[in-house]
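Colleague: I would like to learn how to read salt bridges and a ligand site in a model. Where do we start?

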Amino acid sequence: MTEKTDSKKILVLLGSPRKKGNSTTLAEEIIKGAEAAGATAEKIYLHGLKIAPCQACYACRKPNSRSCAIDDDMQVIYQKLIEADAWVIASPVYWFTMSAQTKLFMDRCFALFNIHKEALAGKSIAVAMSYADADPFMSGCVNALRTFQDAFAYVGANIVGMVYGSADKPGDIKSNQALMAEAEALGRRLVRNPNAS
Ligand SMILES: Cc1cc2nc3c(=O)[nH]c(=O)nc-3n(C[C@H](O)[C@H](O)[C@H](O)COP(=O)(O)O)c2cc1C
């Protein structure tokens, strides 16, 4: 049964090239919880989109700047990021940190921070990650988690929770039922009680 709350918008940024991969599977579980709590969710597969690296032109820092100077698919995403009540960021661990697709997205959020500070301050964020090695330390997942913690603390956003686990082949993560339940609960919390840690 769907629990009625005000309809919040969740934007889900997927940073794996595998459409049915483990980090995406975790994000789907977060979506399930968020939708059960009355939210609507939109998924964006970052892989395959035209998202250039930040070129450090600092156009976004000029007075009265309205957007990032790079005209690519991030322009559409910026608007969605501003409008969403909460973000979910999902990434595999690649070389002991987040995937390149996810990092490109993060770097381009630099412009959002300079132009729309209010879009980030207080934004609720959930993180989902998967890795093949035994634990968050061996895999390097901690490096990415720490990056998210530092970056979102810096801009005043609120990380509501982070779910992560070990799995290799696409979908393997489903067998970790405790983690799947944790992800689903995080989705509900993202909507109903984002300020509780
Ligand atoms: C290019 C590449 C680099 C990887 N680097 C790591 C790593 O540093 N540590 C690790 O534990 N797993 C690493 N893996 C394994 C993935 O993190 C793992 O398979 C993960 O579950 C994939 O998530 P996905 O299904 O969401 O893409 C790597 C995989 C690839 C393809």
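Modeller: With a definition: a residue is buried when its relative accessible area is under 20%, exposed when it is over 50%, and partly exposed in between. Keep in mind that this model is predicted.

Colleague: Is arginine 108 buried or exposed?

Modeller: Arginine 108 has 1% relative accessibility, which is under 20%, so it counts as buried. Its salt-bridge partner is aspartate 72, with the closest N and O atoms 2.8 Å apart. The pair joins distant parts of the chain, 36 residues apart: aspartate 72 sits in the loop between β2 and α2, arginine 108 in helix α3. Aspartate 72 is buried too, at 8%.

Colleague: How many salt bridges does the structure hold?

Modeller: Seven. One of them links aspartate 107 to lysine 103, again with 2.8 Å between the closest N and O atoms. Both residues lie in helix α3, four residues apart, about one turn. Aspartate 107 is partly exposed at 31%, and lysine 103 is partly exposed at 36%.

Colleague: Which element gives the most residues to the shell around the ligand?

Modeller: Strand β3, with three. The shell divides into eight nonpolar, six polar and three charged residues.

How values were computed. Residues numbered from 1 in each chain as written. Predicted model: local features only at pLDDT ≥ 70, side-chain atom pairs only at ≥ 80, totals over all residues. Heavy atoms only, no water. Helix = DSSP H or I, 4+ residues; strand = E, 2+ residues; numbered from the N terminus. Nonpolar A, V, L, I, M, F, W, Y, C, P; charged D, E, K, R; others polar. Salt bridge = Lys/Arg side-chain N within 4 Å of Asp/Glu carboxyl O. Buried < 20%, exposed > 50% of the residue type's maximum accessible area, 1.4 Å probe, protein only.
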